[in-house]
Amino acid sequence: MIVMDSAASKTKTNLQYLLTQAHTNTSFMKLALIGYGKMGRAIHSIAAERGHTIDLIIDLNNQQELTETNIRKVDVAIEFTSPHTALNNVLFCLKQGVPV
């Protein structure tokens with residue numbers, strides 16, 4: 001069982017809503033998950049259930065794969081890393097034209 005605080009629960013609920021809206025509109029997204037802990041895995045599961053694909057997963061073991069070429073292959077990135085790396089990851093994605 002995953003136990004989340006209220007902020008994490010609200011974030012998960014908002015993401016579920018967005019992924020459901022995309023599913024309802026039949027526009028499936030190619031996603032990047034940056035951070036693959038509990039929340040990253042939960043979002044992976046929800047996205048897959050709704051027909052979206054996870055084209056890029058970045059975690060501690062493959063940080064070097066967060067490249068311009070790789071990130072440009074996705075429609076949107078979902079960022080769930082730690083506070084000390086999140087800002088740089090978000091700025092990197094936005095610089096490449098990928099919404100976060």
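N89 sits in helix α4, which spans residues 83–95; helices here are DSSP runs of H or I with at least four residues, strands are runs of E with at least two, and both are numbered from the N terminus. Please keep in mind that this is a predicted model, in which local features need pLDDT of at least 70 and side-chain atom pairs count only at pLDDT 80 or more, while totals for chains, interfaces and linings use all residues. Residues are numbered from 1 along each chain as its sequence is written, and side-chain values use heavy atoms, with hydrogens and water left out.

Is N89 buried or exposed? N89 is buried, because its relative accessible area is 13%, and buried means under 20%, exposed over 50%, and partly exposed in between, with a 1.4 Å probe and protein chains only. Leaving out residues up to four places away in sequence, N89 touches I34, L66, E79 and T81, where contact means heavy atoms within 4.5 Å.

Two of those names, I34 and L66, return in the largest nonpolar core, which has 10 residues, C93 also among them; such a core is a set of buried Ala, Val, Leu, Ile, Met, Phe, Trp, Tyr and Cys residues joined through side-chain atoms within 4.5 Å. Strands β1 (30–34) and β2 (53–58) each supply at least two residues of this core. A second, separate core of 8 residues includes I43, A47, V76 and I78. Setting aside neighbours within four places in sequence, C93 is in contact with I34, I71, A77, V98 and V100.
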